[in-house]
Amino acid sequence: MTKVAIVTGGTRGIGEAVSVMLKELGFTVAANYAGNEERAQAFTDRTGIQTFRWNVGDHEACLDGCNEVAEKLGPIDIVINNAGITRDGILSKMSFDDWNEVMRINLGGCFNMAKATFAGMRERGWGRIVNIGSVNGQAGQYGQVNYAAAKSGIHGFTKALAQEGAKYGVTVNAIAPGYVDTDMVSAVPAPVLEKIVGKIPVGRLGQAPEIARGVAFLCSEEAAFITGSTLSINGGQHMY
Ligand code: NAD
């Protein structure tokens, strides 16, 4: 039986590239999305990948959504926690809601999805969780205390959960992308983006499939000895 993978926020940007690559590699993919029905339908028409709507920041919705995927496609073997948002602003201008929303979706979403799927993976003796962090969770970024804290939290979450899965064939890893050419980055004002690209040693933004390739590797059998690690894919922007 083919392995079943859920990709949160899996219908656009990095998530879309991951969904498509995992499908090409023979996995059965469920692409989760937050709300845009039309875009989700267009994605299914384009890729043949089924979509499932729920908000990853909503604990109950995650449990129900994962149950629905398992009923339709089979037990969930792989979770890619990709869904994420930004609500940028310097601390003095950042509202408590902006803080909470980013924590609830970016970090809380990882917890919610793990609660829904991790026990089953451990029972079946095989699983892969890949959490999408960020270079800005590693290095910090002006105007992003919420985002940097949530992404940094993902890296800690990954190392802690990896220890709970290791004996049971379940690996938990993170990817820390640098700046990748998606809708999220096109929201950055052009002069700011120009400055950012100027600091990337390879001299360009990353492309979504370059992140997807890393995810696919961490999901493979060959990556069974890698757990609790963070793979930085950032064009040399931040090295440690
Ligand atoms: P994007 O905005 O194009 O895509 C994000 C996806 O997450 C969208 O499909 C969106 O609908 C979904 N999403 C948002 N909130 C959700 C929710 N509550 N429930 C379900 N889905 C939800 O962004 P992207 O650039 O493709 O980013 C994907 C991931 O990579 C994010 O976690 C982001 O933080 C991370 N990342 C991106 C970059 C970059 O430069 N693009 C860099 C580092 C990390």
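First, a term I need: a polar contact is a pair of N or O atoms within 3.5 Å. I also note that this is a predicted model.

Entry 1: I started with Val180, where a polar backbone atom is 2.7 Å from an oxygen atom of the ligand. Next I checked side chains. Thr182 has a polar side-chain atom 2.5 Å from a ligand oxygen, and Lys151 has one at 2.9 Å from an oxygen atom of the ligand. Then I looked up the cover: on its own the ligand has 820 Å² of accessible area, and the protein covers 93% of that.

**Entry 2: the shell.** Which residues come nearest to the ligand? Of the 27 around it, they are Asn55, Asn82, Tyr147, Val180 and Thr182. I sorted the shell by class and got 14 nonpolar, 10 polar and 3 charged residues. Helices α1, α6 and α7 each supply at least two shell residues. The largest share, 3 residues, comes from α7.

**Entry 3: helix α6.** I wanted to know what span its 21 residues should have. At 1.5 Å a residue, α6 should span 30 Å, and its end C-alpha atoms are 30 Å apart, so the two agree. I then looked for buried residues in α6, and Tyr147 and Lys151 are among them. Others on that list include Phe157 and Leu161. The buried residues of α6 pack against α4, β5, α5, β6, α7 and β7.

Definitions and conventions
Residues numbered from 1 in each chain as written. Predicted model: local features only at pLDDT ≥ 70, side-chain atom pairs only at ≥ 80, totals over all residues. Heavy atoms only, no water. Near = heavy atom within 4 Å. Polar contact = N/O pair within 3.5 Å; in protein donor to acceptor, adjacent residues only side chain to side chain. Areas by Shrake-Rupley, 256 points an atom, 1.4 Å probe, with all protein chains shown as cover. Helix = DSSP H or I, 4+ residues; strand = E, 2+ residues; numbered from the N terminus. Nonpolar A, V, L, I, M, F, W, Y, C, P; charged D, E, K, R; others polar. Expected span 1.5 Å × (residues − 1). Buried < 20%, exposed > 50% of the residue type's maximum accessible area, 1.4 Å probe, protein only. Contact = heavy atoms within 4.5 Å.
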